[in-house]
Each structure stands twice: as C-alpha cells, then as structure tokens.
Amino acid sequence: MKSAAALLVSTCVITSLTAQSPDPRDAPPSEDRLLHTAVPDIPLTTASGARATLSQIARGKPLVVGFVFTRCPGVCSPFLMSWRTADRALGEKHTYVRLVLSFDPRDTSTDMSNLARHQALDDNDEWTFAVADPKDVRRLADATGFWWAWDESRQQFDHPALLAGIRDGRMVRIFVGGSITTARLDEFVREASGEFVRSYPLPGRVRCRCVRDDLATGRTTLDWGFVLLLVPLAATGVGTLVMFAAGARVRGKE
Amino acid sequence: MANDTVTIVMPEVDVYTARLTRVTLVWVLTALVLFPVLAILGLLMRTEQSGFLPGMAPEFFYAIMTLHGLGMVGLWFVAGMAVISVLLASYVKPTTAVSWIAYGATLTGVVLLLAATLVGRLGVGWYFLYPLPFHSGGTWPAWATASLFAALAIMGVGWTLWSADLLLAIARRYRLSHALGWHYLSGATTPDVPPIIIISTVSFIGVLAGLVAAVVILVLVAVEQFGSGFTNDALLIKNLTFYFGHMVVNITMYFGVAMVYEVLPTYTGRPWKTNSLVVFAWNLVLLLVMFAYLHHLYMDFAQPRWLQVAGQLSSYLISVPAAVVTIFSTLVLVYGSTMRWRLPSVMLFLGVMGWAIGGVAAVIDSTVAVNTRFHNTLWVPAHFHTYFLMGVVLMILGTVFHLVTDLSKVPERSALTKTIVGTVGVGGYGFLLMFYLAGVAGVPRRYAVYPAEVAVGTGYAQISLIFIAVLLIGALIYIWETGRRCLKAFSS
C-alpha cells in the first residue's frame, strides 16, 4: 500500500516537473483574462523623436494599439493597411488615438517614421508611430495579450496580428486577426469608447436558438428553441395530472 | 398459557412515523454540520475582500464562492424538504425510502461538488452559467466541470424522486382541485385542507418544473459535449438556468412559509385556517412563479421586450400574494394573541419579517430602471442574503428547534434563547447592512479583491467581519442546543 502511494506521489511530482508551460502560439490571446486589467503607462519615443508616455499619447481618449515590426515580411503591412482602410471608411465617426508600436528592439524612430510614410500616415496627427524600451514593450505586451517569438528557421518574428483597446489605462477589448473590416473596427472603437455593443455568435453554428435578433433592424423574433423553454411547464403540468390521476385510483381502491 | 405472553402490536403509523422522524433527524444533523462549514466559506470570502488574506489566490475565492452558493442553496432546499415532509406526515404519508434515496444522492452530489471546487478550483458561481464551465481559461480542469454536471444530475434525480413522492403522497389523499383549495373559492369549506397542503402542492409543482428545466440543460449540454458541430444558444441556456435556479430558491422560501403556517399557530393559540384569500394567493403564486425568473435576464439585449415586461410584472405581482398575504396574516395571527415567545416562534416571526425586508429589496432590484444600476453590485447578495439567511433559514431553524424540542423533551433555556436571537439578529443584520451600503456605493459583486476605484468595498467588508463573527457565535450556540436535542431524540 505504502509503495503504491509512493509511486503515485512520485509520478505526480515527475509529471509536474516535466510539464511544459503552455505555448501561447497554440491559441489566440484570451480576452476574458485581460479585460479591465491595468495597462502600464510606459514611456515611448515617437517617430518624430518626441518622448511621451502612453497616457500622454492617449490624452484621455480611447487608445487603440497595434504591434508591428518594420522588417516584417508577413502580416504587419497588410494588417496595418487593413486597419488604415477601415479607419478611413469610418471617417470622422469616432475620436480615438491610434498607436502603432514596434516590438522589435532593432527598430528605431527613423524606421517607424519610414513605415508611417510607407502607409501614407506620416502627415496624419491621429496616428502615432513609436518605439519603446524592450522591457517596457514586454510589459505592455503582457498586459494586452500580445506575444512574439523569434523563428530561427525563417529569421523573423512569429506573432499574432492584434489590436488592443485601452480606456483610462485599462484593457477594454482585443482584436485578433490580420484583416480588419470596417464593421468590426466600428464595434471595436465603440466598445473602447465605453459604448455598449451587441455581440453575436458565429452564424450557422448555434442550434435551438430561442430568439433571432436581427442586427439590421434590431427586431427580435421567437425561434424554435423557445419551445424548449415551455418543456418544464408542459412536462410538469402533464406529470401533475398523471400523479393526481394515480392518487385518485389509490383513493378509489381504499 | 396464552395470557402469559403479551404480544405488543405497534400500530403501523407509529413505525412509519418513527422511520420518517429518523430520516428527518439525519437530514437535520447533516444540515447542522454543513451550515457552519459553508458559512465559514462565506467568512473567508469577506476576509479576502477585506484585504486580510493577500496570499489567497482569486481563483480560490471563486471556487469557494461556487461551493458556498451552490452549497447553501442546496442545503436549505433539502433541509426545507425534509422538515416539510415530516410536517406533512400529519396529513399524508410520504415514502421514507425515497427520502433516504434523496439523502444518498445529495451526499454523492456534495462529494462531487467538493472535489470540483476545492480540488479542481471550479469557479463558475452557483448559477454555472453556460458557456463559462467549458471555458475555464486554464483555471480549472475539464474533469471539474464534468464533476459539477454529474453532481447536478445525481442530486437532480434524487430531488425529483423526492418531490414527486411528496406530491404523490398528497395526491393519494386529495384531489388536485382540493389540494389547491379551489373549493374554497366557490365558498365551500369542506373538505378542510390545511394551508401546508396547498402551499406544498404549489411548491412541489414548482420544484418539479424547475428540475425539468435542469434536465433540459443537462441534455443540451451533453449533446454539445458528446455530439459534433452542435453549439448551444447561450440565451436559451441562461433562461433555463434561472428558471431552475430561481425556482429552487423561491420554492425553498415557500417551504419556510408553509412551516410558519403550520407551526406558528402552536404558539399563538389561534388556528391558521385556510380561506379563499389564502387559496387565491397561493394559486396566483403557482402561476406567477413560472415567470418571475425573467428578471434575471434584464441585461440580455436579445431577450424580447415582452418577456422583460413579463419579468417585471410577475416579479412585482408575486410579492403581493406570497409575501403580503403571509406577512399581514402573520401580524394578524400574533396581534392580541396569547403568544408564547419561545425560540421557534421568535425565529419564525423574525423569518417572516426578514422575508419582508429582503422582499422589498428584491422588488427594488427587479425594477428594470434600478436593475441597470444595481444588478452587478453588492445590493444583489444583500437582498438574497436577507430573505434567505434572515428569512427562510430562520423559519427552517425555528421549525427544526420546535420539532427536536418536542421529540427530545429537553426544555428550552430562556437565557440561551435571548443570546441566540440577539447574536443572530445583530450579527445577521449588521452583516447585511454592509452589503447594502456597499451596493448603494456601487461596489461590484463577485470581486475577490477590490481595485482602487471601489476601495470603499474593502472597508465595508472589514466591518462585516465583526458582524459575521457575532452571527457565527449565535449560530454555533443554536447548533449546539439543537444538535444535542437532535441526538437525544435520535437515540430515543
């Protein structure tokens, strides 16, 4: 018995010692664990060489941060272009601060200035391109769910395309994905601004909906799943009648 | 020779009563053990919110919040069922074996819940709202979720059998129209149906409806987990979850009220007869209780507006027949009577008043315009702790003391009665006041640690610790006094 217990304990210990920490690349960042957490107010150097903290750049407005690196041969450029296109489509609808931050220690203010020019955003005051001390970038990344890892075989960083929505120094939303549609950016910024935004499940996957909520008209209509809400009432009604009928038979026999 | 041997034939009813009493005492003793343990979990939560347990991980806070909530709801539901079944035995004959089956199912469920929460750190809250149990973010393992649903399934089967057996026991003696007292509405007074039969019939029908809702949830969740490509509608599951949860809590309160109707007249010296008002009130409750849960879904934008209106109306209206009629009748029954103020009668009376206070707070919160501000604040635990702890729990504890004192013949000690009432009253309402004040100040509920923006919550939590300590002293004295009577009654 003792040896069995010892074996069990040692197995648990060995398992726990050899267990690998989960690889962040296995799943997208979990927004649930980030919401409302405080974001460090890190110092930044903008593309123009000016020094400012994150809160100074935000100026009390909602702040949306995108992480890129200028030598990226992959998602960074299309991601940034997609953000810019969606942002232009929204026009003057929202007042928010856009920050593009490099996570690559090799990037300089000049590199970020060139990137801004490449994206035709260098003359746009609403956009800030910046670099920061690697330790500070790491702190901000940890708070926003962003990660990166050097891929030796491809000689580039592996990283998600991520936007972090920050309001009053706290995380409000994250967006993960290389392509940003106007509608999604609109929702993202509205929520980052403190507005309540309806969210919808992915179409076609949910069965037995109790209501259908039309995004365009705002109308809700009953769906087949609503019948399941009536099951408890109906089943209990029938069950009660059956029980009292059975009780009547017993009384009849007595 | 025949005269030398005396054969005593005990009447069947006595053997039956002894068996029913025994199983009820086992339920009561179990409740007396679990109550302080679950209360201490609540104390731990408030201690962490006070900032005195910096080493306690927030994940553990949510695990014990889940165990405390599910445990307390389940504990007082089964305690209410056990006490009601022994009170009903004066009129009908429930099956003792079914009570034992329910006991076994409950104990099995409790073990699974302990494993899920204390070992697995499951932190889904007492409402285990879908899809949270399946999205732990690495906080708890999948087996903890499986353990929770297994516990719910096992306890659900036991409780369904128990409720059905009690309803069937009523059905064996009364027609449905009589069990619901409909003949009183047409002016007839025979057959005489005591209020406890009418309230119990309403309650068991409600319990069964709630448990059927739980079955639907379990089936839908099982289909999703074991099927392929099926995703549940979160709004549908939320409706079903609160249909079940709100029903169980509501019905537990009605068990307490049924006890008041049955036991309080013993102390007032006046009978509490059924009349058309009582019948109308409780039949209306049966209708409204099916929709009252809707106030839990005010925050769900996709819920149709007419259901939100139905939720507010039923939440308002249900307080009239159930609470106002009972509270008014209690006052009429006590006023001018030769009331014997003993521990059971004081607890029953205070329980009705606690129900009234908690009910007012609940009605305030069920107002849509108020709910948008209060719903996620400590106002919510304030109101449900009021009508639960200072309402139905006092009613059940008062009735239990009445039963065990009667069975054990151990006389009540006046000084201890005053101590219990004083400590429970001051401790209980002091503890609740801190919840209410924090709720009004906008302190959010379900926060393990208060951030700087709501630091005022820490102060209220710290003050509440004093009151919880006073409350626990009173509860422990009660448990000691009741426990020794219970053991004496059990041994005899």
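Helices (H or I, at least four residues) and strands (E, at least two) are taken here as DSSP runs, numbered from the N terminus. The model is a predicted one, in which local features need pLDDT of at least 70 and side-chain atom pairs count only at pLDDT 80 or more, whereas totals for chains, interfaces and linings use all residues. Residues are numbered from 1 along each chain as its sequence is written, chains are lettered from A and ligands numbered from 1 in the order in which they are written, and side-chain values use heavy atoms, with hydrogens and water left out.

The interface between the two chains is described first. With contact taken as heavy atoms within 4.5 Å, 42 residues of chain B touch 34 residues of chain A. The size of an interface is often given as the accessible area lost when the parts come together. By this criterion (accessible area with a 1.4 Å probe that two parts lose on being put together, summed over both), chain B and chain A bury about 3000 Å², and 72% of this area falls on carbon and sulfur atoms.

A salt bridge is defined as a side-chain nitrogen of Lys or Arg within 4 Å of a carboxyl oxygen of Asp or Glu, and between chain B and chain A the count is one. This salt bridge brings together the side chains of Glu453(B) and Arg170(A), with an N to O distance of 3.2 Å. Five residue pairs, with both residues at pLDDT 80 or more, are in polar contact across the interface of chain B and chain A, where a polar contact is a pair of N or O atoms within 3.5 Å, of which, within protein, one must be able to donate a hydrogen and the other to accept it, residues adjacent in sequence counting only if both atoms are side-chain atoms. On the side of chain B that touches chain A, at least two residues each are supplied by α4 (142–173), α5 (176–179), α7 (195–226), α8 (234–268) and α10 (305–334) of chain B, and α7(B) gives the most, with eight residues. When Ala, Val, Leu, Ile, Met, Phe, Trp, Tyr, Cys and Pro are counted as nonpolar, Asp, Glu, Lys and Arg as charged, and the others, Gly among them, as polar, this side of chain B has 28 nonpolar, eight polar and six charged residues.

On a 1 Å grid over the protein atoms alone, a cavity is a set of points where a 1.4 Å probe fits but cannot get out, and a pocket is an open set with protein on both sides within 12 Å along at least five of seven lines, the lining residues having an atom within 4 Å of a point. Grid points are joined across faces, edges and corners, and a volume is the space filled by probe spheres set on the points. The structure holds three cavities of 30 Å³ or more, and the largest cavity contains about 70 Å³ of space. Its lining includes Val28(B), Trp76(B) and Ile396(B), and the elements that give two or more residues to this lining are α1 (12–49), α2 (58–88) and α13 (379–408) of chain B. By class, the lining of the largest cavity has nine nonpolar residues, with no polar and no charged ones.

The second largest cavity holds about 40 Å³ of space, and its lining divides into four nonpolar, one polar and four charged residues; among the lining residues are Glu412(B), Arg413(B), Glu481(B) and Arg485(B). Both α14 (414–440) and α15 (456–491) of chain B supply at least two residues of this lining, the largest share, three residues, coming from α14(B).

The second largest pocket has a volume of about 550 Å³, and of the 35 residues that line this pocket, Leu70(B), Gly71(B), Gly74(B), Leu113(B) and Met155(B) are the closest to its centre. The most is given to the lining by α2(B), with eight residues, and the lining as a whole has 29 nonpolar, six polar and no charged residues.

Backbone features were also noted. In chain B, a cis peptide bond joins Tyr130(B) and Pro131(B), with omega about 0°, and Pro131(B) lies in the loop between α3 and α4 of chain B. Another cis peptide bond joins Thr190(B) and Pro191(B), with omega about -5°, and Pro191(B) is found in the loop between α6 (182–185) and α7 of chain B.
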